[in-house]
Amino acid sequence: MRQAKYTIESGNPKLLKTPIKEGKEFSLSLEYNFGYNSQTGHSTRKRERLYLYLVVNPRTPQQREKNKETIELAKAIRREREQEFLQQREGYRLRKERKIYILDFFDNYIENYDKKDVRMIKIARNRFFDFLSLHTNEPKLFMAESITHEMMIKFAEYLQSRSVGEGARTIFQRFKKVMKNCVEKGYLQTDPTQGIVIVCDTLALKKDILSQEEIEKLIATHYHHENPEIRKAFIFCLYTGLRWCDVKDLTFGNIDFSNKLLRFEQDKTKGHSSKSWVTIPLNDGLLKLVGEPPKHFARVSPIFGLPSFESATKSLRYWVKQAGIDKRITWHSARHSFATNILINGANVKTVASLLGHSDLTYVERYTRVIDTLKEEAINSLPELKHEQI
């Protein structure tokens with residue numbers, strides 16, 4: 001069955017829209033007509049995907065405005081291609097050079113991105129928009145082909161000025177991913193980020209952690225309209241070391257209640273490591289926190305009914321503030337707190353690496369550094385020994 005095609009603007013090439021994603025979106029493309037072919041008895045045509053998309057039946061003003069901007073961009077590309085095509089009419093090969101606004105490319109990349117690090121891709125896009133806003137009055141009209149290697153060096157420096165720890169490096173890695181795709185699609189001849197690396201100390205623990213006393217203080221704190229699911233999930237992370245991406249996807253099928261074990265595959269290392277599966281023993285307190293599995297669809301039912309990451313983070317910060325803890329605590333702080341506290345309580349480094357799902361001991365060294373610092377602070381907290389007292 002042939003796909004339905006609808007003409008948006010006539011000419012050679014034509015601007016077409018084709019329904020995709022079960023009719024929820026239109027994909028835009030250009031169709032070139034090279035004229036009658038005596039050998040086949042038909043006109044020879046060729047399609048060029050623009051990687052631009054429209055929402056079918058837009059419901060919000062934002063969607064309608066976005067559709068309008070996308071159509072205008074597609075029409076501008078079509079007219080430019082028409083001029084190029086007229087100059088090359090004797091050949092059948094289309095030129096590879098393409099022009100597109102880089103932020104439009106970013107937006108379309110995000111719309112079609114189905115991996116779980118999409119949040120970081122969005123952050124990379126927004127940081128680049130902020131960067132462009134400092135250097136041009138029309139950041140939305142900045143062409144992909146105008147990006148240079150020197151600009152990317154400055155962008156990397158800009159990211160480092162706005163983020164601490166591994167944040168800048170992580171954002172730049174996602175940005176490089178999009179630039180590579182831009183090269184693959186033919187909008188850039190070379191990757192302008194190639195050879196640029198943001199270096200940071202991966203073994204330095206930048207996030208605040210909670211001591212055991214602070215954890216107990218946090219657990220004892222309740223406030224009006226608190227979300228019990230967020231509360232239970234964060235406490236569970238504090239005592240198991242799970243990441244946000246793993247705790248939100250936990251189901252009752254991940255727990256062996258008879259043997260008191262939690263077994264799950266880490267989202268971060270799935271498909272990349274032979275040690276992506278982690279097994280963690282659960283004590284009675286953690287099993288009580290999880291609760292009894294529902295009678296129907298028990299294995300696929302989520303253990304914690306969590307909202308979006310942004311909403312959960314906002315609630316967590318308010319909870320920490322209500323507990324009187326003056327630290328910047330994030331969901332990942334639970335993982336760092338877990339590792340640090342069990343090392344303080346005597347667990348060996350290999351055991352901690354296994355519980356965290358690390359394939360080697362390298363990253364666990366960051367927690368031993370914290371413990372060394374805590375030891376030094378403990379010694380320095382003693383009254384100063386004066387020479388005349390000896």
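Which helix holds Glu 229? Glu 229 is found in helix 7, residues 228-240. Helices here are DSSP runs of H or I with at least four residues, strands are runs of E with at least two, and both are numbered from the N terminus.

This is a predicted model: local features need pLDDT of at least 70, side-chain atom pairs count only at pLDDT 80 or more, and totals for chains, interfaces and linings use all residues. Residues are numbered from 1 along each chain as its sequence is written, and side-chain values use heavy atoms, with hydrogens and water left out.

**The chain as a whole**

- The protein chain has 13 helices and 7 strands.
- Of its 390 residues, 41% are buried. Buried means under 20% relative accessible area, exposed means over 50%, and partly exposed lies in between, with a 1.4 Å probe and protein chains only.
- The protein chain exposes about 23,200 Å², and carbon and sulfur atoms supply 50% of it. Accessible areas come from the Shrake-Rupley method with a 1.4 Å probe; for residues, only the protein chains shown count as cover.
- Take the contacts between residues at least 6 apart in sequence: 61% of them join residues at least 24 apart. Contact means heavy atoms within 4.5 Å.

**Around Glu 229**

- The side chains of Glu 229 and Lys 232 are joined by a polar contact of 3.3 Å. A polar contact is a pair of N or O atoms within 3.5 Å; within protein, one must be able to donate a hydrogen and the other to accept it, and residues adjacent in sequence count only if both atoms are side-chain atoms.
- Beyond its neighbours within four places in sequence, Glu 229 is in contact with Ile 303, Phe 304, Gly 305 and Leu 306.

**Nonpolar cores**

- In soluble globular proteins, nonpolar side chains tend to be buried together.
- A nonpolar core is a set of buried Ala, Val, Leu, Ile, Met, Phe, Trp, Tyr and Cys residues joined through side-chain atoms within 4.5 Å.
- The largest such core has 47 residues, and Ile 102, Phe 128, Phe 155 and Phe 175 touch the most other members.
- Elements that each supply at least two residues of this core include strand 3 (25-37), strand 4 (42-55), helix 1 (61-87) and helix 2 (102-111). Helix 3 (118-133), helix 4 (149-162) and helix 5 are also among them.
- Helix 5 gives the most to this core, with 7 residues.
- A second, separate core has 45 residues, including Ala 233, Ile 303, Ala 312 and Leu 355.

**Arg 174 in helix 5**

- Arg 174 lies in helix 5, residues 167-184.
- Arg 174 counts as buried because its relative accessibility is 19%.
- Not counting residues up to four places away in sequence, Arg 174 touches Asp 117, Met 120, Ile 121 and Ala 124.

**Aromatic rings**

- Rings of Phe, Tyr and Trp (its six-membered ring) pair if their centres lie within 6.5 Å; planes under 30 degrees apart count as stacked, over 60 as edge-to-face and the rest as tilted.
- By this rule, the count is 18 aromatic pairs.
- Phe 131 and Tyr 158 have ring centres 5.6 Å apart and planes at 55°, so the pair is tilted. Phe 131 lies in helix 3 and Tyr 158 in helix 4, so the pair ties together parts that are 27 residues apart in sequence. Both Phe 131 and Tyr 158 are buried.
- Phe 155 and Phe 172 also form a tilted pair, because their ring centres are 6.3 Å apart and their planes are at 55°.
- One aromatic cluster is formed by Phe 106, Phe 128, Phe 131, Phe 155, Tyr 158, Phe 172 and Phe 175.
- Lys 17 lies over the face of Phe 26, at 4.4 Å from the ring centre. A charge sits over a ring if NZ of Lys or CZ of Arg is within 6 Å of the ring centre and within 35 degrees of the ring normal.

**Backbone details**

- Asn 12 and Pro 13 are joined by a cis peptide bond, with omega about 15°. Pro 13 is found in the loop between strand 1 (6-9) and strand 2 (14-20).
- Tyr 51, in strand 4, has a positive phi near 60°. Tyr 51 counts as partly exposed because its relative accessibility is 21%.
- Lys 260 has a positive phi of about 55°. Lys 260 is found in the loop between strand 5 (255-256) and strand 6 (261-265).
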